[in-house]
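Good morning, colleagues. Please look at the sequence and the model first.

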Amino acid sequence: MKSANNIQRPRIFSVNDMPKGYKTDLHCHTKEGSYCSEESTADTIERYIAEGYSTVVIANHCTPDYYPKEYHWFIDCHFDVYDLAVETARGRINVLSGTEININQYKNDDFLVLGTSREIMHKFDNIFTTDLATIKRVLNENNCLLIKAHPMRYGQTMMPPDEVDGYELYNGHKGWARLNEIAKHWVEAEGAMDKINTAGSDHHNPGDNLKYGILTDEEIKTNEQLIRILKNRQYDIFHL
């Protein structure tokens with residue numbers, strides 16, 4: 001598929017030789033929202049600004065392991081961290097809301113939800129006990145995308161292309177980055193390169209490389225804009 005400017009996209013670039021454009025990281029965790037993260041929201045935002053990103057998606061873990069009380073209470077706590085990131089950014093970088101879900105049906109798998117919000121997540125009675133097909137339907141009805149995160153991580157299920165909107169081809173987590181090319185070859189073999197494939201740093205800790213994401217011709221300021229760009233393939237992928 002070609003984008004509006006008639007260039008085959010998304011193209012894939014090394015971070016060292018990518019063209020100019022607006023950088024967006026679609027996969028970021030912070031300490032206040034993900035127990036496996038060791039860098040505060042405030043420090044994380046400062047690092048993304050220093051790295052020249054125009055936009056970052058706060059996609060903290062939304063999983064039963066972090067679910068000590070009632071579901072809707074948990075969702076509010078989850079998105080309070082996103083609000084903290086927006087407050088910290090003070091308009092110096094665009095901060096979008098996302099999440100990384102884990103559900104009972106696939107206990108070893110993670111899925112990035114792009115375009116989501118507090119209000120959309122409250123539409124579920126309990127997303128953890130909902131089946132994946134229903135989750136995808138509800139998300140798509142609300143202009144969100146369901147992306148299989150780090151698809152070649154050990155123990156993960158290789159989701160068939162019709163069960164997700166796309167795959168995270170390049171993930172910057174130091175434990176999984178070496179598997180990125182395998183993931184790309186698998187997606188190619190499945191004939192799924194025309195899905196919405198992405199990249200993200202999977203930031204958790206101060207030493208993580210912020211060198212993964214998408215590159216766009218326009219600055220992404222809203223979730224609606226992000227979803228439009230991804231659906232229309234008006235973006236490129238960059239990775240370390």
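Which residues are exposed on the other side of α4? They are A133 and E141. Exposed here means over 50% relative accessible area, buried means under 20%, and partly exposed is in between, with a 1.4 Å probe and protein chains only. Helices are DSSP runs of H or I with at least four residues, strands are runs of E with at least two, and both are numbered from the N terminus.

Before I continue, a word on the source. This is a predicted model, in which local features need pLDDT of at least 70 and side-chain atom pairs count only at pLDDT 80 or more, while totals for chains, interfaces and linings use all residues. Residues are numbered from 1 along each chain as its sequence is written, and side-chain values use heavy atoms, with hydrogens and water left out.

Let me return to α4. Its buried residues are L132, I135, K136, V138 and L139. These cover an arc of only 170° around the axis, so they lie on the same side of α4. The arc is that of the directions from the helix axis to the C-beta atoms. In general, an α-helix has 3.6 residues a turn, so residues three or four places apart point the same way. The buried residues of α4 pack against β5, β6 (residues 106-114), α3 and β7 (residues 145-148). Contact, in this talk, means heavy atoms within 4.5 Å. After α4 comes N143, with a positive phi near 60°.

I turn now to α1, residues 41-50. Here T41, T44, I45 and Y48 are buried. Seen down the axis of α1, they fall within an arc of 100° and therefore line one face of the helix. What covers these buried residues? The cover includes β2 (22-28), β3 (55-58), α2 (71-89) and β5 (94-103). The residue G52 follows α1 and has a positive phi, near 85°.

Next, the aromatic residues. How many aromatic pairs does the structure hold? There are 6. Rings of Phe, Tyr and Trp (its six-membered ring) pair if their centres lie within 6.5 Å; planes under 30 degrees apart count as stacked, over 60 as edge-to-face and the rest as tilted. One of these pairs is F74 with F128, which is edge-to-face, at 6.0 Å centre to centre and with 65° between the planes. This pair links distant parts of the chain: F74 belongs to helix α2, whereas F128 is in the loop between α3 (118-121) and α4 (132-141), 54 residues apart. Both F74 and F128 are buried.

Another edge-to-face pair is Y106 with F111, at 6.5 Å between centres and 65° between planes. Y106 counts as buried because its relative accessibility is 19%. F111 counts as buried at 0%. The charged end of K148 sits over the ring of F111, 5.5 Å from its centre. The criterion for a charge over a ring is that NZ of Lys or CZ of Arg is within 6 Å of the ring centre and within 35 degrees of the ring normal.

K23 lies over the face of Y53, at 4.5 Å from the ring centre.

Both Y48 and Y53 are also touched by S201. Where does S201 lie? It is in the loop between β9 (198-200) and β10 (213-216). Is S201 buried or exposed? At 1% relative accessibility, S201 counts as buried. Not counting residues up to four places away in sequence, the residues that S201 touches also include D25, H27, G172, H173 and N209.

Finally, the chain as a whole. Its secondary structure comes to 6 helices and 11 strands. Buried residues make up 57% of the 240 residues. For this length, a compact globule would have a radius of gyration near 18 Å, and the 16 Å of the chain agrees with that. The radius is taken over C-alpha atoms, and the globule rule is 2.2 Å times the number of residues to the power 0.38. Among contacts between residues at least 6 apart in sequence, 71% join residues at least 24 apart. The C-alpha trace spans about 50 × 40 × 30 Å along its principal axes.
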